[in-house]
Amino acid sequence: MRARFLALITAILAAACLRGDGTGAASSVTARAATEDAAPDVSMAEHAQNVATYTLRARLDPNAHTVHGEGTIRWRNVSSKPVSELWLHLYLNAFKNQSSVFMRAPIGGFRGSHIPTDWGSIDVKRLRLKEPDQDLLAKIELKRPNDEDETNARVPLPFEVAPGAEIELEVEWVDKLPAVVERTGYDGTFHMVGQWFPKIAKLEPNGTFAHFPFHHLGEFYSDFGTYDVTIDVPAGYVVGATGAATETKEEGGRHIERRVQSDVHDFAWTAWDKFQIRKETIHGVDVTALFPPGYGDHAERELETMRFALPHFGARYGKYPYPVLTLVHPPATASEAGGMEYPTLITTGGPSWLPRGLHFVEGVTVHEFGHQYFYGLVASNEDAWPFLDEGLNQYAENEAMTAWKGPGSGIDFAGLRIGDVEAQGVRSRQFGHDEKIAKGAAEFATGSAYGALVYSRTAVLLETIARAYGKAKMDRALGVYTRRFRFKHPTPNDLIATVRDEIGPRAAENLHAGLFEKAWVDYAVTQMSSHASRAPAGMFDRDGKRETITPDKTTMLNRYDGWALVVRRGTLRLPVEVELVATDGTRTRVKWDGEQESYRIPYSGSAALRAAIVDPDDHILIDDDPTNNFAVAPGHPTEGAPRTLERGMFWAATLLGGLAP
Amino acid sequence: MTEPRDEDAETSSAAEESAAEESAAAPSDAAPPARAIAPSEPAASAGVLEPDFARALGGGSGPPRLLEPGEIRARRRPRAVLFVWLWELACALLLATPVHAWAKAVWGAHPDGDAVLFRPGGHALLTWLADAGPALGIVVRTTFLLLVVFGLLGQIVTGTLIAFLATGTGPRGHAPPATFALRAGAASFFPLLGIGIVFGAFEGFVLGMGLFASSGIDHALQPRIGDAQAFWARLVVLGLFVLVTLLVGVVADLARVTIARDAAMSEDRPASMRRAMRDGVVSAVTTARRALGRAALGWGWRAALSIALVYAGALAGDIVGGRGGGALWLLFVVHQLIVLVRAGLRASWLANALRLVTR
């Protein structure tokens, strides 16, 4: 409670400072530290560079599951080079047929691995350039040679757009939503509408577009802009969408909402005639929870999560800058739409019967909200460097859930307390030697490897560095990173440079090696020895006389001397503690910087050395094999496993007799 | 836990019977007469041998006879309950051996031993299970195999317990000789196994139907009332089928006690397996038609108490956590007391079932 209270105070102070600085015309503000470690003084952009302004109108036909869209896109060349083409992402075409890149990828082990029961598509009906008025649709290149994929379209422009110049496009299109798959689609009257409009690919500073087809494992990357979207659905439907509602009306049996939001790089919405609604202002943000009938308890859990997460993330990664946040809990039959992030709108999930001790609802809510920072505000290239979003966000989720729920942050049920981060630790070892973390989403061999490496191993690597060098330093490093690169689309080098500055060069080297070189580590205790000490034997000149002491006549010194040998296998060099345990129960801790491949730790004590443990507090969560982190000296009895035997006997007897007589 | 040895004690014991158990029983404060179906063979053929062992298990003298309903009390067979507990203790030790050996091999050399498996967060526990390699499969299969073997052999123990409960010697109905009960248990092995398979299959069928029906209702209701409410409807429907399954289990126990009782009293001329099973089922169904409510009630409150005890045991384990030494020994005692009381409840229910089928 104390930590939550401090976090709340911290965030309130930070918010006050932001409001104070934001009244002027300056383009950046300084987020004041709420605690010295967690919220550093770093320049943080107040607004993003506005590259694309989408003014769109969307009309939903819930029976045909189509969306008719039209509007204008105003786009500015913010690069240093003239641009003679545009790239449009038409991602609903990923679900058009089995020839799309998405459908062709022979990848299992991750979400969206099933063929949709109803196909989806986006058909552009009109694409005109205004001023000069010119049709662009005729020249659009939907496909590449020998490739049927239609998610990545090239649009040649009739002239070069100079740096700093703007163009305006008129666009009209029709979406056929798929049966819910990979975060979007319909299920009955429920509609989750994501990746639904023709979207201009991200323009890089060098004048090239970061364009790519919709891959099975890939996510998104776009320029910031302003979205002004009017959503038109049948009366009785409840709408959730990116941004705040600026206008709402009922007209001709239709419900019409206008949503406007700047400083975002995507827009998603949902409509369902069965949504229940709860609203609450949390930490200055209007939070709306949309949920199916009977999920009131889950909605409360999600709002409760946001009461913790908004101030917690705000203190660590900078204030959440938008006035609204919508939490969408999809119906159980549309769970594939759950667990996804869009600007100011996240989808959660979890079956209605999920007990409170299983923190899935809380975990997924924290996770998707964390994306508001790493996907939403920092906005790194998720296709090229998915770990920069999912990995950092997984670390942030683990950190937040542990701060909130303690050691049972994942499961605290029936006496079993499993931590979120500990679960990631196990998963992170599964593919650590197979593939590197830092590569494009499409390069991973399987969805399982993608999940284990991008999410878990990145998070565990960061957690290990945090534990090895100090959690406060890692909090500070990520606080600097998320503030300094807000709206800036950082790369891995930006992250590593920040870690170098804030934690140190060795930490940065370990991070780089762990991300790019499949680096690993396995600490182990391999040998140890101790013996009763005796005074030295030999010839000694004392008081003018020479005295010879044979080894069997030496004096016992009432002391034991010895050593323990610990080794470091692998290429990560992390500082670690070693605990030496004497037969009288005395425990001594020694620090080892982990730079060498082995370390013979001297021992001296009043009792014999019985055992040694390297990393007794499990700081090196990324350790390849924690079961060789300890050993008992030869000749000494082991502790054994009496607790397992006792519990095993009780439960075996229970199983044998059945639960009932 | 000492068995009453004199008439006064027995009178006192009988007077303490619960009203529910006594509702249909004749007062038993006087020694009842032996029933007509008592074996007519010499004592030796009835199993009154090995007097030391017999005495050790509370065996009396004289030829075993069927007890009157009012005489059938689990509390009068404390050593039989102890015998069941010892059986379960031995089985539990063997069943826990594979997982214990595995834990010891992996974590035994840690200075804190397997206490690390109980640390909050579960780092060692998850590491142990997730990085198990082939060990997990070997341990699970070995344990399952042992469970099957002990489950099969347990039929003899159940038969023996029922024989202890159903029969007695002398006018006071002292416990029959252990060898007699054990032989009866062994004789009832195959019929009890057959009953277990038949009723188990039927229970599985009912449960399967329940899963099928509840799932169908869930899906049918989802579009109208939403998945959350539909799930509750599913639980209600499934609960009804589970209730039927439990009632089938109660009827199975009525058949078991009939089979083991009859096997005990026809040791020299054992019925064929088919006939024993048929008689058991007929008796069980007849009894169920007459007194299913009483049988269900008698089983139900003991089941509830038994589950509560298991929960208490789990809670005690949670409280002790990874502590060793005296706390672990204390937990062992508490857990074994729970196992012992549950064995007593099992005996008490079987005695109840015997009274019902004997009336």
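## Chain A: overall make-up

Chain A contains 11 helices and 35 strands; helices (H or I, at least four residues) and strands (E, at least two) are DSSP runs, numbered from the N terminus. The model is a predicted one, in which local features need pLDDT of at least 70, side-chain atom pairs count only at pLDDT 80 or more, and totals for chains, interfaces and linings use all residues. Residues are numbered from 1 along each chain as its sequence is written, while chains are lettered from A and ligands numbered from 1 in the order in which they are written.

The C-alpha trace of chain A spans about 115 × 70 × 55 Å along its principal axes. Of the 661 residues in chain A, 52% are buried; a residue is buried if 20 or more other C-beta atoms lie within 10 Å of its own, exposed if 12 or fewer, and partly exposed in between, with C-beta atoms placed from the backbone. Two residues are in contact if their C-beta atoms, placed from the backbone, lie within 7 Å. Among contacts in chain A between residues at least 6 apart in sequence, 69% join residues at least 24 apart.

## A three-stranded sheet in chain A

In chain A, 3 strands form an open sheet in the order E27-E30-E33, with antiparallel pairing. Strands E27 (521–534) and E33 (598–605) of chain A are the edge strands, each pairing on one side only. From one strand to the next the twist averages 15 degrees. Two strands are taken to pair if DSSP finds at least two bridges between them. Strands of a sheet pair through backbone hydrogen bonds, either parallel or antiparallel.

Strand E27(A) pairs with strand E30 (residues 556–570) of chain A over 12 bridges, in the antiparallel sense. Within this sheet, A:Tyr523 stands opposite A:Arg568 in E30(A).

## Helices H6 and H7 of chain A

Helix H6 (residues 420–428) and helix H7 (residues 447–469) of chain A have axes that come within 8 Å and cross at roughly 120 degrees. Axes are lines fitted to C-alpha atoms, for helices over the stretch in contact, and angles run from 0 to 180 degrees between N-to-C directions. The crossing of H6(A) and H7(A) is left-handed, a term used if the near helix is turned anticlockwise from the far one by less than a right angle, with right-handed used if clockwise.

On the H6(A) side the contact is made by A:Val421, A:Gln424, A:Gly425, A:Arg427 and A:Ser428. These meet A:Ala452, A:Ser456, A:Arg457, A:Ala459, A:Val460 and A:Glu463 in H7(A). The contact of H6(A) with H7(A) has 4 nonpolar, 4 polar and 3 charged residues; Ala, Val, Leu, Ile, Met, Phe, Trp, Tyr, Cys and Pro count as nonpolar, Asp, Glu, Lys and Arg as charged, and the others, Gly among them, as polar.

## Backbone features in loops of chain A

The peptide bond from A:Glu131 to A:Pro132 is cis, with omega near 0 degrees. A:Pro132 is found in the loop between strand E6 (121–130) and strand E7 (134–135) of chain A.

Two residues other than glycine have a positive phi. For A:Thr344, phi is near 60 degrees; A:Thr344 sits in the loop between strand E23 (340–342) and strand E24 (345–347) of chain A. A:Thr344 is buried, as 27 other C-beta atoms lie within 10 Å. For A:Asp543, phi is about 50 degrees, and the residue lies in the loop between strand E28 (538–542) and strand E29 (545–549) of chain A. A:Asp543 counts as exposed, with 5 C-beta neighbours inside 10 Å.

## Chain B

Chain B has 11 helices and 2 strands, and from the N terminus on its elements run α-α-α-α-β-α-α-α-β-α-α-α-α. Of its 359 residues, 44% count as buried. Residues 24 or more positions apart account for 79% of the contacts in chain B with a separation of 6 or more.

The pLDDT, the predictor's confidence in each residue from 0 to 100, averages 85 in chain B, and 82% of the residues score at least 70. Over residues 1–56 of chain B the pLDDT is below 50, and this stretch has 72 contacts in the model beyond near neighbours in sequence. Where pLDDT is low, the predicted coordinates should not be read in detail.

## The interface

The predictor gives the complex an ipTM of 0.87 and a pTM of 0.87. In the model, 59 residues of chain B are in contact with 52 residues of chain A. On the chain B side, the elements that give two or more residues are helices H5 (78–107), H6 (123–130), H7 (134–166), H9 (189–265), H10 (273–320) and H11 (325–358) of chain B. H5(B) supplies the largest share of this side, 12 residues. The residues on the side of chain B that touches chain A divide into 33 nonpolar, 17 polar and 9 charged.
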